[in-house]
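Please look over the sequence and the model below. A short report follows, arranged by topic.

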Amino acid sequence: MSAKSLNSAGSPVALVTGANKGIGFAVARELGLLGGTVYLGARDAARGESAGRALRAEGIDAQVLALDVTDDASVARAAGRLADEVERLDVLVNNAGVAGPEVLPSETPVAEVRAAYETNVFGVVRVTNAVLPLLRRSPAGRIVNMSSVLGSLAHGAAKDDPTGVFPPGVFPALLAYNTSKAALNAVTVTYANELRDTAILVNAAEPGFVATDLNGHRGRLTARQGARIPVLLATLGDDGPTGTFRAEDGTPDGVELAW
Ligand code: NAP
């Protein structure tokens, strides 16, 4: 799998949602270190500014963008500001996500399922549609949706996890999270198919089991390690795949997951 330098298309512009901490921050950092401008989507201004300061201290052109993916007005304002400031968007990483409750499916309140979908599914659709006109102006647009092996119907049904996090026969049944990521996978394939005749590649990433606030820091990988596969998909060459699902498994290119 070949990767292109983000600089090959001039001065590239990337947007990462939920970039104030965790994997999103690490992805923004890696993309920023490749050059160009990275917009850090953050729903909280102070948390966004603190992340922006940290990246600027490393010489990265980091811009903080107020962006709550569940809020139509916030997304519209963010897309409007982008359209004012840049002529195109080269990379969109739909990273913002929430976990949902760790209870049995039969004990999961519908409100919790809905809340997970608001961020993990509808948020992605809202942001993608808002910035797609700018992505279409890129000679090599890339969309990366941050998914999870827990969203794979095939691996869930077989209770097998090719990333090696869960032993054979073990597959957590988290109704809100798993089904929201399954829907996100369907969203990924659907956009990839619409955009197949354009310069935009759309893929889903499973970052690995990463120690972040999302899982109470139970993950085994650092956020920087978790950024590896999403960054690989964000920097695919023009011959790269679209409509695929790739996971961190410790091998150089990661492993392709079944949907
Ligand atoms: P995290 O540390 O909890 O970070 C989540 C980020 O999303 C935060 O910046 C958070 O902002 C932001 N966010 C949440 N709701 C938002 C909203 N409505 N609008 C804008 N931003 C919002 O979690 P993480 O582990 O880095 O997760 C990042 C992504 O990776 C998620 O999509 C997650 O499902 C996926 N993932 C993680 C793992 C893992 O092992 N950690 C594994 C597979 C997939 P605030 O700081 O304001 O809350």
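## A buried glycine

Gly 141 is in the loop between H4 and strand E5 (142–146). Helices (H or I, at least four residues) and strands (E, at least two) are DSSP runs, numbered from the N terminus. Gly 141 is buried, with a relative accessible area of 0%. Buried means under 20% relative accessible area, exposed over 50%, and partly exposed in between (1.4 Å probe, protein chains only). Gly 141 and Val 113 are 28 residues apart in sequence. In space, their C-alpha atoms are 31 Å apart.

## About the model

This is a predicted model, in which local features need pLDDT of at least 70 and side-chain atom pairs count only at pLDDT 80 or more, while totals for chains, interfaces and linings use all residues. Residues are numbered from 1 along each chain as its sequence is written, and side-chain values use heavy atoms, with hydrogens and water left out.

## Helix H1

Helix H1 covers residues 22–33. At 1.5 Å a residue, its 12 residues should span 16 Å. The expected span is 1.5 Å times one less than the number of residues. The end C-alpha atoms of H1 are 17 Å apart, which agrees.

How many of the 12 residues of H1 are buried? The count is 9, so H1 is largely enclosed by the rest of the structure. The buried residues are Ile 23, Gly 24, Ala 26, Val 27, Ala 28, Arg 29, Glu 30, Leu 31 and Gly 32. Just after H1 comes Gly 35, with a positive phi of about 115 degrees.

## The ligand and its shell

The ligand takes up the space of the largest pocket. A pocket is found on a 1 Å grid over the protein atoms alone: it is an open set of points where a 1.4 Å probe fits, with protein on both sides within 12 Å along at least five of seven lines. A molecule sits in a pocket if more than half of its atoms lie within 2 Å of its grid points.

There are 30 residues around the ligand. A residue is near a molecule if one of its heavy atoms lies within 4 Å of it. Which residues come nearest to the ligand? They are Arg 43, Arg 47, Asn 95, Tyr 177 and Thr 212. Two helices, H1 and H6 (175–194), each supply at least two residues of the shell.

A polar contact is a pair of N or O atoms within 3.5 Å. The side chain of Asp 68 has an N or O atom 2.9 Å from a nitrogen atom of the ligand. Asn 95 brings a backbone N or O atom to 2.8 Å from a ligand oxygen atom. A polar backbone atom of Gly 208 is 3.3 Å from an oxygen atom of the ligand. Taken alone, the ligand exposes 900 Å², and the protein buries 95% of that. These areas come from the Shrake-Rupley method with a 1.4 Å probe.

## Asn 95

Asn 95 is in the loop between strand E4 (91–94) and helix H4 (110–135). Is Asn 95 buried or exposed? At 12% relative accessibility, Asn 95 counts as buried. Its side chain has a polar atom 3.0 Å from the backbone oxygen of Gly 18.

Ala 66 belongs to strand E3 (residues 61–66). Ala 66 is exposed, with a relative accessible area of 58%. Ala 66 and Ala 78 are 12 residues apart in sequence and 6.4 Å apart in space, C-alpha to C-alpha.

Thr 70 is in the loop between E3 and helix H3 (72–85). At 32% relative accessibility, Thr 70 counts as partly exposed. Thr 70 and Gly 123 are 53 residues apart in sequence, yet 5.2 Å apart in space, C-alpha to C-alpha.

Lys 159 has a positive phi, near 45 degrees, and is a residue other than glycine. Lys 159 is in the loop between helix H5 (153–158) and H6. At 41% relative accessibility, Lys 159 counts as partly exposed.

His 217 is not a glycine, but has a positive phi of about 60 degrees. Its place is the loop between strand E6 (201–206) and helix H7 (223–226). At 48% relative accessibility, His 217 counts as partly exposed.

## Gly 240

Gly 240 is in the loop between helix H8 (228–234) and strand E7 (245–247). At 17% relative accessibility, Gly 240 counts as buried. Gly 240 and Ser 180 are 60 residues apart in sequence and 26 Å apart in space, C-alpha to C-alpha.

Notes:
A polar contact is a pair of N or O atoms within 3.5 Å; within protein, one must be able to donate a hydrogen and the other to accept it, and residues adjacent in sequence count only if both atoms are side-chain atoms. On a 1 Å grid over the protein atoms alone, a cavity is a set of points where a 1.4 Å probe fits but cannot get out, and a pocket is an open set with protein on both sides within 12 Å along at least five of seven lines; lining residues have an atom within 4 Å of a point.
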